[in-house]
Amino acid sequence: MGNKYNIIDSHAHYDDESFNEDRDAVIKEIQENGVTGVLNCGSSYEGLVGSYELANKYEFFYAALGIHPSNANELTDEVIDFIREKSKNPKVKAIGEIGLDYYWEENPSREVQKKVFRQQMQLAEELNLPVVIHDRDAHGDTLDILKEFPKVTGVVHCFSGSVEFARECLKLGYYIGFTGVVTFKNAKKILEVAKDVPLDRMLVETDCPYMAPTPYRGKRNKSDYIEYIIEKLAEIKEIDPFEANKKINDNIVRLFKMEK
C-alpha cells in the first residue's frame, strides 16, 4: 500500500486477542504503510492495562484509559486510582472508551452504566483530559450526561446518531469520529452526518479489529485501512483527499495533544 497518506488512527484496540498471534508484525506493517500515530483505547481493566503497555512499547502509540459500558461493573475505586496514577504518563492522552451501550441486553443495568459514565467524566475533568465516548442506542442519556460536564470535551467515537444529535454534540465542543462504516453501501445516515459536520470537527478511526472498511469489510481491521475512510470523507466534502488527511490529522493532534 505504501506511504500514500500520513495516517493517525484516533481509536484502535491492538490489545484485542485477535492480534495475539501477530501483534508486533501487524504494528510493524502499519508503520511501514504510513501510520504515524495510534490512540489505543481501553475498554476493560485488562484492556486499559494493555493499552498503557502498548503506548510505552511503541513510540507512535498513545493510550486512552477507561472502562467501556459493557464492562461497567469493573470500575472500582482501585481502577480509578490506577487510571489517575497512570495518567501522569504523557503517553496517556484521554479517558476512554466510556459511555453508554443500551444495545446489548446482557450489559450492566442502565443505572450502573450511567453512574460509571459520570464517575469517569468526573475523572476526566479532574485530570483535564479529553474523553472518548461510546454511545450505542443511548443518544438521549449520553447527551444529558455530556451536558453535566461542560468543562470536558472529546470525541463521540464510531458515531451512529442523527444529524441533529451530531449538531448537539458539536455545540458542546465534541468532535465526531468516523469509521469504515462510511464506506458501506447501506450507510445512508452516517453519510448525511459526514456532509453536515465541519471538516475541522471530524476524526477518523478504525475501531480495529472491528469495522473494517470496504473493500475489507468483514475482515480484521487495521490502521492503514484508514486511507479508504479518508478518501470517502474527501469525496463527500468534495475536497482533495490529501487536504482532508492533513486537516483531520490536525484535529486529532489538537484534541489529544499529540506530538506531530
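**Reading a predicted fold, feature by feature**

The protein chain's secondary structure comes to nine helices and eight strands (DSSP runs numbered from the N terminus: H or I of at least four residues for helices, E of at least two for strands). This is a predicted model, where local features need pLDDT of at least 70 and side-chain atom pairs count only at pLDDT 80 or more, while totals for chains, interfaces and linings use all residues. Residues are numbered from 1 along each chain as its sequence is written, and side-chain values use heavy atoms, with hydrogens and water left out.

Q: What percentage of the residues count as buried?

A: Buried means under 20% relative accessible area, exposed over 50%, and partly exposed in between (1.4 Å probe, protein chains only). Here 57% of the 260 residues are buried.

Q: And which share of the contacts joins residues at least 24 apart?

A: A contact means heavy atoms within 4.5 Å. Take those between residues at least 6 apart in sequence: 72% of them join residues at least 24 apart.

Q: OK, rings next. How many aromatic pairs does the structure hold?

A: Rings of Phe, Tyr and Trp (its six-membered ring) pair if their centres lie within 6.5 Å; planes under 30 degrees apart count as stacked, over 60 as edge-to-face and the rest as tilted. The structure holds eleven such pairs. One of them is Tyr5 with Phe242: the centres are 4.8 Å apart and the planes at 40°, so this pair is tilted. It ties together distant parts of the chain, since Tyr5 is in the segment before strand 1 (7–12) and Phe242 is in helix 9 (residues 241–256), 237 residues apart.

Q: Which residues form an aromatic cluster?

A: Tyr14, Phe19, Tyr58, Phe60 and Phe61 come together as one cluster.
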